[in-house]
Amino acid sequence: MIRVVLPAHLKTLARVSGEVKLDVPGQPTLLSVLDALETRYPVLRGTIRDQVTQERRPFVRFFACQEDYSLEPPETALPGAVAKGEEPLLIVGAMAGG
Amino acid sequence: MSGVRLLVGTKKGAFILTSDGKRERWDVSGPHFAGWEIYHVKGSPADPNRLYASQTSGWFGQIIQRSNDGGKTWEAVGNKFAYEGVPGTHKWYDGTQHPWEFKRVWHLEPTLKDPDTVYAGVEDAAMFRSTDGAQTWQELPALRNAKGDLWQPGAGGMGLHTILLDPSNSKRIFIAISAAGAFRTDDGGETWRPINKGLKSPYELPDPTAEVGHCVHRIAMHGSRPSVLFMQKHWDVLRSDNAGESWHEVSGNLPTDFGFPIDVHAHEPETIYVVPIKSDSEHYPPEGKLRVYRSRTGGNEWEALTNGLPQRDCYVNVLRDAMAIDSLDSCGVYFGTTGGQVYGSADAGDHWSAIVRDLPAVYSVEVQTLQ
């Protein structure tokens with residue numbers, strides 16, 4: 001069971017509260033988790049990754065176990081603690097600054 | 001019992017303002033999609049309960065929302081806007097060619113007879129159509145063949161912001177694009193051509209009469225005379241009496257001919273409205289006085305409408321999609337400001353009052369006349 005924490009706007013859009021829990025077979029990667037997330041919540045397509053290029057949107061970040069995975073390739077394996085459900089994958093809207 | 005429903009898009013959500021036909025007391029609903037930029041909300045002429053909204057965010061991209069009950073409830077529908085084929089390139093700020101990249105939907109235009117068929121004007125400038133209630137979108141790619149390689153974004157982005165459907169000819173559509181100009185199709189979008197003859201842009205273009213590149217801010221028509229068009233350009237107010245084949249200036253005695261919206265009275269095709277703005281470097285009204293100008297002669301002769309509008313210390317802007325006109329017998333005129341006010345007049349502009357004063361910056365105002 002993979003735990004995913006969405007930013008507030010995407011929780012509202014997907015009509016969820018709290019964490020999202022996903023079944024992801026095999027070794028979870030950013031790609032497989034995002035695919036599973038968008039399959040469960042099609043309304044999130046295009047909000048985290050570009051619909052055409054599948055690239056991460058510029059102001060979205062992926063954090064796990066105090067590490068930034070935003071710039072890692074999509075096939076990067078997520079940490080064991082995320083795979084075991086001990087830690088969540090955080091999908092974060094980048095800070096606006098100012 | 002007649003009434004009106006205002007659909008207001010703002011920097012931080014959508015608001016729906018409703019009133020009976022007197023237009024004296026208003027109910028305010030919202031914010032819908034709180035915290036998101038709402039570029040535009042528009043209802044179907046064929047089914048007033050069918051609404052479409054463009055919801056967008058610098059973080060999370062583009063969402064399209066649809067309502068089937070006049071805005072009480074909404075559902076997110078299709079948001080995949082993929083340019084047809086290899087997208088190609090347009091002119092970039094440094095003069096090089098740059099690939100087309102979808103950024104957001106500026107304007108949604110439901111068709112006149114089918115609630116499920118709707119057009120979207122997007123940035124980078126292109127036009128899309130859905131025939132399934134916005135579940136899926138297909139580009140009308142021929143538009144970008146109309147010298148698209150020469151289109152170059154201005155500071156505000158290269159957005160397709162105006163879509164006018166000819167009620168007498170379903171194949172004819174007029175559109176306008178920031179920093180590119182006005183364009184027309186006569187075959188339902190199979191082919192397009194620029195319609196910018198007569199426009200002069202000496203401060204914006206090296207060739208002031210270029211075929212494309214003019215910063216058209218808005219065009220408007222009266223449904224009974226679809227070959228007569230009115231334009232608020234970056235500078236200059238113009239009209240065309242031949243469906244855009246040629247334009248001539250009708251700025252007349254306006255205090256400044258810079259501005260964004262332009263609209264036409266519901267029952268008087270020669271009565272038009274603009275909101276003069278001081279300049280392109282000072283996006284606020286001249287002298288701090290918020291004045292709508294009305295011409296009853298199709299341009300050239302303008303009168304200031306000030307009753308009920310702030311006449312000192314007012315430094316808001318009125319954006320291109322932020323004016324609307326209802327079709328009640330006593331024609332209502334509405335506009336929203338970047339200061340969050342929505343003003344309304346139930347008597348064609350003679351008297352104004354603020355319907356709301358403290359919304360987020362208003363991007364767009366549309367009105368539905370309900371029977």
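**The sheet and its surroundings**

Author: In this predicted model, four strands of chain B make an open sheet, ordered β4-β5-β6-β7, with antiparallel pairing.

Reader: Which are the edge strands of chain B?

Author: An edge strand pairs on one side only. In chain B that holds for two strands, β4 and β7 (75–76).

Reader: Over how many bridges do strand β5 and strand β6 of chain B pair?

Author: Strand β5 of chain B covers residues 51–57, and strand β6 of chain B covers residues 61–67. Within this pair, Ala53(B) stands opposite Gln65(B). The two strands run in the antiparallel sense, and the number of bridges is seven.

Reader: Is Ala34(B) buried, partly exposed or exposed?

Author: Ala34(B) sits in the loop between β3 (27–32) and β4 (37–43) of chain B. A buried residue needs 20 or more other C-beta atoms within 10 Å, and an exposed one has 12 or fewer. Ala34(B) has 13 C-beta neighbours inside 10 Å, so it counts as partly exposed.

Reader: Leaving aside neighbours within four places in sequence, which residues is Ala34(B) in contact with?

Author: Contact requires C-beta atoms within 7 Å. Once the neighbours within four places in sequence are set aside, the contacts of Ala34(B) are Lys12(B) and Gly13(B).

Reader: Which helix gives the largest share of the side of chain A that touches chain B?

Author: The contact takes 13 residues from chain A and 13 residues from chain B. By class, the chain A side has seven nonpolar, five polar and one charged residues. Its largest share, three residues, comes from residues 8–14 of chain A, helix α1.

Key. Residues are numbered from 1 along each chain as its sequence is written. Chains are lettered from A and ligands numbered from 1 in the order in which they are written. This is a predicted model: local features need pLDDT of at least 70, side-chain atom pairs count only at pLDDT 80 or more; totals for chains, interfaces and linings use all residues. Two residues are in contact if their C-beta atoms, placed from the backbone, lie within 7 Å. Ala, Val, Leu, Ile, Met, Phe, Trp, Tyr, Cys and Pro count as nonpolar, Asp, Glu, Lys and Arg as charged, and the others, Gly among them, as polar. Two strands pair if DSSP finds at least two bridges between them.
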